[in-house]
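Visitor: I have just opened this entry. Could you walk me through it?

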Protein chains: 2
Amino acid sequence: MNTMTDIEVIINNKRFTLCGYESPEYLQRVASYINGKYLEFKTKESYSRLDDNLKNVLLEINIADDYFKALKKLKEKEEESDRKSTELFNMKHEVISSQTKLDSITQELLELKKEYNEAQKRIVKLETELEESKKHQQF
Amino acid sequence: MNTMTDIEVIINNKRFTLCGYESPEYLQRVASYINGKYLEFKTKESYSRLDDNLKNVLLEINIADDYFKALKKLKEKEEESDRKSTELFNMKHEVISSQTKLDSITQELLELKKEYNEAQKRIVKLETELEESKKHQQF
(Lines give C-alpha, C1' and ligand atoms only; values in the text may rest on other atoms or scores of the structure.)
Protein backbone atom coordinates (compact mmCIF):
# COMPACT_ATOMS: atom_id res chain seq x y z
CA MET A 1 0.00 0.00 0.00
CA ASN A 2 1.27 3.47 -0.85
CA THR A 3 1.66 6.05 1.88
CA MET A 4 -0.63 9.09 1.96
CA THR A 5 0.71 12.14 0.19
CA ASP A 6 -0.41 15.74 -0.28
CA ILE A 7 -1.08 16.53 -3.90
CA GLU A 8 -1.95 19.91 -5.33
CA VAL A 9 -4.53 19.98 -8.13
CA ILE A 10 -6.25 22.80 -9.96
CA ILE A 11 -9.92 22.16 -10.65
CA ASN A 12 -12.16 24.79 -12.25
CA ASN A 13 -9.37 27.37 -11.81
CA LYS A 14 -9.17 26.81 -8.05
CA ARG A 15 -6.18 25.30 -6.29
CA PHE A 16 -6.83 22.39 -3.88
CA THR A 17 -4.45 20.34 -1.78
CA LEU A 18 -5.68 16.77 -1.58
CA CYS A 19 -4.38 14.10 0.72
CA GLY A 20 -4.69 10.51 -0.49
CA TYR A 21 -3.16 7.15 -1.32
CA GLU A 22 -3.39 7.60 -5.08
CA SER A 23 -0.35 8.58 -7.14
CA PRO A 24 0.05 12.26 -8.16
CA GLU A 25 -0.14 11.18 -11.84
CA TYR A 26 -3.45 9.47 -11.28
CA LEU A 27 -4.98 12.43 -9.42
CA GLN A 28 -3.79 14.84 -12.12
CA ARG A 29 -5.49 12.65 -14.74
CA VAL A 30 -8.70 12.71 -12.69
CA ALA A 31 -8.42 16.50 -12.23
CA SER A 32 -7.83 16.97 -15.94
CA TYR A 33 -10.92 14.88 -16.72
CA ILE A 34 -13.05 16.96 -14.32
CA ASN A 35 -11.68 20.20 -15.79
CA GLY A 36 -12.71 18.90 -19.22
CA LYS A 37 -16.26 18.56 -17.89
CA TYR A 38 -16.24 22.15 -16.53
CA LEU A 39 -14.96 23.43 -19.88
CA GLU A 40 -17.58 21.47 -21.77
CA PHE A 41 -20.32 22.89 -19.55
CA LYS A 42 -19.03 26.46 -19.84
CA THR A 43 -19.38 26.38 -23.63
CA LYS A 44 -23.14 25.94 -23.13
CA GLU A 45 -24.74 29.34 -22.69
CA SER A 46 -27.70 27.90 -20.76
CA TYR A 47 -25.35 26.52 -18.08
CA SER A 48 -24.09 29.94 -16.97
CA ARG A 49 -27.61 31.01 -16.06
CA LEU A 50 -28.16 28.12 -13.63
CA ASP A 51 -27.72 28.44 -9.87
CA ASP A 52 -24.63 26.89 -8.28
CA ASN A 53 -26.50 23.98 -6.72
CA LEU A 54 -27.90 22.87 -10.05
CA LYS A 55 -24.53 23.42 -11.75
CA ASN A 56 -22.89 21.09 -9.23
CA VAL A 57 -25.59 18.46 -9.50
CA LEU A 58 -25.46 18.51 -13.30
CA LEU A 59 -21.71 18.04 -13.20
CA GLU A 60 -22.03 15.17 -10.73
CA ILE A 61 -24.71 13.54 -12.90
CA ASN A 62 -22.55 13.97 -15.97
CA ILE A 63 -19.57 12.25 -14.36
CA ALA A 64 -21.79 9.55 -12.83
CA ASP A 65 -23.29 9.02 -16.31
CA ASP A 66 -19.78 8.33 -17.69
CA TYR A 67 -19.32 5.89 -14.80
CA PHE A 68 -22.63 4.09 -15.43
CA LYS A 69 -21.93 3.86 -19.16
CA ALA A 70 -18.47 2.41 -18.41
CA LEU A 71 -20.14 -0.10 -16.06
CA LYS A 72 -22.56 -1.09 -18.84
CA LYS A 73 -19.67 -1.62 -21.27
CA LEU A 74 -17.82 -3.57 -18.57
CA LYS A 75 -20.85 -5.84 -18.07
CA GLU A 76 -21.10 -6.43 -21.83
CA LYS A 77 -17.36 -7.21 -22.02
CA GLU A 78 -17.67 -9.60 -19.07
CA GLU A 79 -20.53 -11.41 -20.80
CA GLU A 80 -18.54 -11.53 -24.06
CA SER A 81 -15.53 -12.90 -22.18
CA ASP A 82 -17.71 -15.51 -20.46
CA ARG A 83 -19.16 -16.60 -23.81
CA LYS A 84 -15.63 -16.97 -25.18
CA SER A 85 -14.66 -19.04 -22.13
CA THR A 86 -17.55 -21.43 -22.81
CA GLU A 87 -16.58 -21.61 -26.48
CA LEU A 88 -12.96 -22.29 -25.52
CA PHE A 89 -14.03 -24.99 -23.06
CA ASN A 90 -16.12 -26.73 -25.74
CA MET A 91 -13.39 -26.36 -28.32
CA LYS A 92 -10.78 -27.83 -25.95
CA HIS A 93 -13.04 -30.86 -25.60
CA GLU A 94 -13.37 -31.04 -29.36
CA VAL A 95 -9.55 -30.93 -29.73
CA ILE A 96 -9.11 -33.68 -27.12
CA SER A 97 -11.81 -35.86 -28.69
CA SER A 98 -10.32 -35.31 -32.14
CA GLN A 99 -6.85 -36.18 -30.84
CA THR A 100 -8.18 -39.35 -29.17
CA LYS A 101 -9.83 -40.44 -32.42
CA LEU A 102 -6.61 -39.65 -34.31
CA ASP A 103 -4.51 -41.70 -31.85
CA SER A 104 -6.90 -44.65 -32.05
CA ILE A 105 -7.09 -44.64 -35.86
CA THR A 106 -3.29 -44.24 -36.12
CA GLN A 107 -2.88 -47.30 -33.91
CA GLU A 108 -5.40 -49.23 -36.04
CA LEU A 109 -3.53 -48.22 -39.20
CA LEU A 110 -0.19 -49.34 -37.74
CA GLU A 111 -1.59 -52.74 -36.79
CA LEU A 112 -3.22 -53.20 -40.17
CA LYS A 113 0.06 -52.28 -41.92
CA LYS A 114 1.78 -55.01 -39.91
CA GLU A 115 -0.91 -57.55 -40.81
CA TYR A 116 -0.76 -56.47 -44.45
CA ASN A 117 3.02 -56.98 -44.50
CA GLU A 118 2.54 -60.46 -43.01
CA ALA A 119 -0.05 -61.20 -45.70
CA GLN A 120 2.37 -60.00 -48.40
CA LYS A 121 5.08 -62.32 -47.03
CA ARG A 122 2.59 -65.19 -46.93
CA ILE A 123 1.70 -64.50 -50.60
CA VAL A 124 5.36 -64.56 -51.65
CA LYS A 125 5.86 -67.80 -49.69
CA LEU A 126 2.76 -69.44 -51.20
CA GLU A 127 3.71 -68.31 -54.73
CA THR A 128 7.16 -69.84 -54.25
CA GLU A 129 5.71 -73.06 -52.88
CA LEU A 130 3.21 -73.22 -55.75
CA GLU A 131 5.97 -72.67 -58.30
CA GLU A 132 8.05 -75.44 -56.67
CA SER A 133 5.02 -77.75 -56.58
CA LYS A 134 4.32 -77.13 -60.27
CA LYS A 135 7.98 -77.84 -61.12
CA HIS A 136 7.73 -81.19 -59.34
CA GLN A 137 4.58 -82.00 -61.33
CA GLN A 138 6.53 -81.50 -64.53
CA PHE A 139 9.00 -84.31 -63.66
CA MET B 1 -33.84 7.99 -30.10
CA ASN B 2 -35.97 8.79 -27.06
CA THR B 3 -37.67 12.16 -26.79
CA MET B 4 -36.56 14.62 -24.11
CA THR B 5 -38.51 14.40 -20.88
CA ASP B 6 -38.60 16.35 -17.61
CA ILE B 7 -37.59 14.16 -14.68
CA GLU B 8 -37.66 15.15 -11.04
CA VAL B 9 -34.81 13.85 -8.88
CA ILE B 10 -33.85 14.49 -5.28
CA ILE B 11 -30.12 14.84 -4.75
CA ASN B 12 -28.65 15.71 -1.36
CA ASN B 13 -32.16 16.50 -0.10
CA LYS B 14 -32.78 19.07 -2.82
CA ARG B 15 -35.33 18.65 -5.57
CA PHE B 16 -34.19 19.19 -9.18
CA THR B 17 -36.07 18.94 -12.43
CA LEU B 18 -33.79 17.61 -15.14
CA CYS B 19 -34.50 17.54 -18.81
CA GLY B 20 -32.84 14.80 -20.82
CA TYR B 21 -33.00 11.87 -23.20
CA GLU B 22 -32.30 9.24 -20.54
CA SER B 23 -35.11 7.15 -19.04
CA PRO B 24 -36.53 8.19 -15.63
CA GLU B 25 -35.37 4.80 -14.20
CA TYR B 26 -31.82 5.42 -15.33
CA LEU B 27 -31.70 8.95 -13.90
CA GLN B 28 -33.14 7.73 -10.59
CA ARG B 29 -30.38 5.08 -10.44
CA VAL B 30 -27.78 7.78 -11.09
CA ALA B 31 -29.37 10.07 -8.45
CA SER B 32 -29.46 7.23 -5.95
CA TYR B 33 -25.76 6.53 -6.58
CA ILE B 34 -24.87 10.22 -6.05
CA ASN B 35 -26.97 10.35 -2.87
CA GLY B 36 -25.01 7.34 -1.65
CA LYS B 37 -21.83 9.37 -2.11
CA TYR B 38 -23.26 12.33 -0.14
CA LEU B 39 -24.31 9.98 2.65
CA GLU B 40 -20.89 8.33 2.71
CA PHE B 41 -19.20 11.73 2.94
CA LYS B 42 -21.52 12.98 5.69
CA THR B 43 -20.52 10.11 7.96
CA LYS B 44 -16.98 11.50 7.94
CA GLU B 45 -16.67 14.21 10.58
CA SER B 46 -13.78 15.90 8.79
CA TYR B 47 -15.97 16.46 5.71
CA SER B 48 -18.47 18.76 7.47
CA ARG B 49 -15.69 21.20 8.35
CA LEU B 50 -14.64 21.71 4.72
CA ASP B 51 -15.78 24.65 2.62
CA ASP B 52 -18.40 24.03 -0.06
CA ASN B 53 -15.97 24.31 -2.96
CA LEU B 54 -13.75 21.60 -1.54
CA LYS B 55 -16.78 19.44 -0.67
CA ASN B 56 -17.94 19.62 -4.29
CA VAL B 57 -14.51 18.90 -5.69
CA LEU B 58 -14.03 15.93 -3.37
CA LEU B 59 -17.36 14.51 -4.44
CA GLU B 60 -16.54 15.02 -8.12
CA ILE B 61 -13.15 13.35 -7.62
CA ASN B 62 -14.77 10.46 -5.80
CA ILE B 63 -17.26 9.81 -8.61
CA ALA B 64 -14.55 10.31 -11.24
CA ASP B 65 -12.40 7.81 -9.31
CA ASP B 66 -15.19 5.20 -9.61
CA TYR B 67 -15.31 6.01 -13.32
CA PHE B 68 -11.54 5.67 -13.79
CA LYS B 69 -11.49 2.40 -11.84
CA ALA B 70 -14.33 1.06 -14.01
CA LEU B 71 -12.35 2.13 -17.10
CA LYS B 72 -9.31 0.23 -15.78
CA LYS B 73 -11.40 -2.91 -15.25
CA LEU B 74 -12.93 -2.43 -18.69
CA LYS B 75 -9.45 -2.24 -20.26
CA GLU B 76 -8.39 -5.40 -18.43
CA LYS B 77 -11.57 -7.21 -19.56
CA GLU B 78 -10.99 -6.05 -23.14
CA GLU B 79 -7.44 -7.39 -23.02
CA GLU B 80 -8.68 -10.67 -21.52
CA SER B 81 -11.35 -10.92 -24.21
CA ASP B 82 -8.75 -10.22 -26.93
CA ARG B 83 -6.47 -12.93 -25.51
CA LYS B 84 -9.37 -15.37 -25.60
CA SER B 85 -10.10 -14.41 -29.22
CA THR B 86 -6.50 -15.20 -30.16
CA GLU B 87 -6.70 -18.50 -28.27
CA LEU B 88 -9.98 -19.34 -30.01
CA PHE B 89 -8.50 -18.47 -33.39
CA ASN B 90 -5.50 -20.74 -32.78
CA MET B 91 -7.71 -23.50 -31.42
CA LYS B 92 -10.01 -23.33 -34.46
CA HIS B 93 -6.92 -23.85 -36.63
CA GLU B 94 -5.90 -26.77 -34.45
CA VAL B 95 -9.37 -28.33 -34.82
CA ILE B 96 -9.29 -27.88 -38.61
CA SER B 97 -5.76 -29.29 -38.86
CA SER B 98 -6.70 -32.22 -36.63
CA GLN B 99 -9.82 -32.89 -38.72
CA THR B 100 -7.78 -32.78 -41.94
CA LYS B 101 -5.30 -35.29 -40.50
CA LEU B 102 -8.18 -37.48 -39.33
CA ASP B 103 -9.80 -37.40 -42.78
CA SER B 104 -6.53 -38.26 -44.49
CA ILE B 105 -5.66 -41.14 -42.16
CA THR B 106 -9.25 -42.48 -42.36
CA GLN B 107 -8.91 -42.54 -46.14
CA GLU B 108 -5.51 -44.29 -45.88
CA LEU B 109 -7.03 -46.87 -43.51
CA LEU B 110 -9.95 -47.55 -45.89
CA GLU B 111 -7.59 -48.08 -48.83
CA LEU B 112 -5.33 -50.36 -46.82
CA LYS B 113 -8.35 -52.39 -45.64
CA LYS B 114 -9.31 -52.88 -49.29
CA GLU B 115 -5.76 -53.97 -50.21
CA TYR B 116 -5.61 -56.26 -47.17
CA ASN B 117 -8.89 -57.92 -48.22
CA GLU B 118 -7.47 -58.41 -51.72
CA ALA B 119 -4.35 -59.95 -50.18
CA GLN B 120 -6.52 -62.28 -48.06
CA LYS B 121 -8.42 -63.41 -51.15
CA ARG B 122 -5.11 -63.97 -52.97
CA ILE B 123 -3.87 -66.09 -50.04
CA VAL B 124 -7.03 -68.25 -50.10
CA LYS B 125 -6.68 -68.64 -53.89
CA LEU B 126 -2.98 -69.55 -53.64
CA GLU B 127 -3.63 -71.99 -50.78
CA THR B 128 -6.33 -73.72 -52.86
CA GLU B 129 -4.06 -73.84 -55.93
CA LEU B 130 -1.22 -75.21 -53.82
CA GLU B 131 -3.47 -77.88 -52.34
CA GLU B 132 -4.68 -78.85 -55.81
CA SER B 133 -1.10 -78.95 -57.09
CA LYS B 134 -0.01 -81.18 -54.23
CA LYS B 135 -2.95 -83.54 -54.91
CA HIS B 136 -1.82 -83.85 -58.55
CA GLN B 137 1.68 -84.66 -57.35
CA GLN B 138 0.35 -87.56 -55.33
CA PHE B 139 -1.03 -89.27 -58.45
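This is a predicted model: local features need pLDDT of at least 70, side-chain atom pairs count only at pLDDT 80 or more; totals for chains, interfaces and linings use all residues.

Visitor: Where is B:Asn12 placed in chain B?
Guide: Helices (H or I, at least four residues) and strands (E, at least two) are DSSP runs, numbered from the N terminus. By that count, strand β1 covers 5-11 and strand β2 covers 14-20 in chain B. B:Asn12 sits in the loop between β1 and β2.

Visitor: Is B:Asn12 buried or exposed?
Guide: Buried means under 20% relative accessible area, exposed over 50%, and partly exposed in between (1.4 Å probe, protein chains only). B:Asn12 has 18% relative accessibility, so it counts as buried.

Visitor: What about B:Asn13, buried or exposed?
Guide: B:Asn13 is also found in the loop between β1 and β2 of chain B. Its relative accessible area is 70%. B:Asn13 is therefore exposed.

Visitor: What is the phi of B:Asn13?
Guide: B:Asn12 is not a glycine, yet it has a positive phi of about 50 degrees. B:Asn13 is not a glycine either. Its phi is positive too, at about 65 degrees.

Visitor: What pattern does chain A follow?
Guide: Chain A has three helices and two strands. Read along the sequence, the pattern is β-β-α-α-α.

Visitor: Why is chain A called more spread out than a compact globule?
Guide: The radius of gyration is taken over C-alpha atoms, and the globule rule is 2.2 Å times the number of residues to the power 0.38. For 139 residues that rule gives 14 Å. Chain A is well over that, so it is more spread out than a compact globule: its radius of gyration is 40 Å.

Visitor: How big is the box that the C-alpha atoms of chain A fill?
Guide: The box is taken along the principal axes. It is roughly 130 × 40 × 20 Å.

Visitor: Which residues of chain A does the "coiled-coil region" annotation cover?
Guide: The annotation comes from an unreviewed UniProt entry. UniProt positions are given in the numbering used here, feature names are shortened, and annotations may be inferred rather than shown by experiment. In the model, the annotated stretch is 100% helix and 0% strand, with end C-alpha atoms 91 Å apart. The annotation covers residues 74-136.

Visitor: Which residues does A:Asn56 touch?
Guide: A:Asn56 is in helix α3 (residues 52-138) of chain A. It is buried, with a relative accessible area of 16%. Contact means heavy atoms within 4.5 Å. Not counting residues up to four places away in sequence, A:Asn56 touches B:Asn56 and B:Glu60.

Visitor: How far is A:Thr86 from A:Val30?
Guide: A:Thr86 lies in helix α3 of chain A. At 45% relative accessibility, it counts as partly exposed. A:Thr86 and A:Val30 are 56 residues apart along the chain. Their C-alpha atoms are separated by 37 Å.

Visitor: And A:Glu25, how far is it from A:Leu88?
Guide: A:Glu25 is found in helix α1 (residues 24-42) of chain A. It counts as exposed, at 55% relative accessibility. A:Glu25 and A:Leu88 are 63 residues apart along the chain, and their C-alpha atoms are separated by 38 Å.

Conventions: Residues are numbered from 1 along each chain as its sequence is written. Chains are lettered from A and ligands numbered from 1 in the order in which they are written. Side-chain values use heavy atoms; hydrogens and water are left out.
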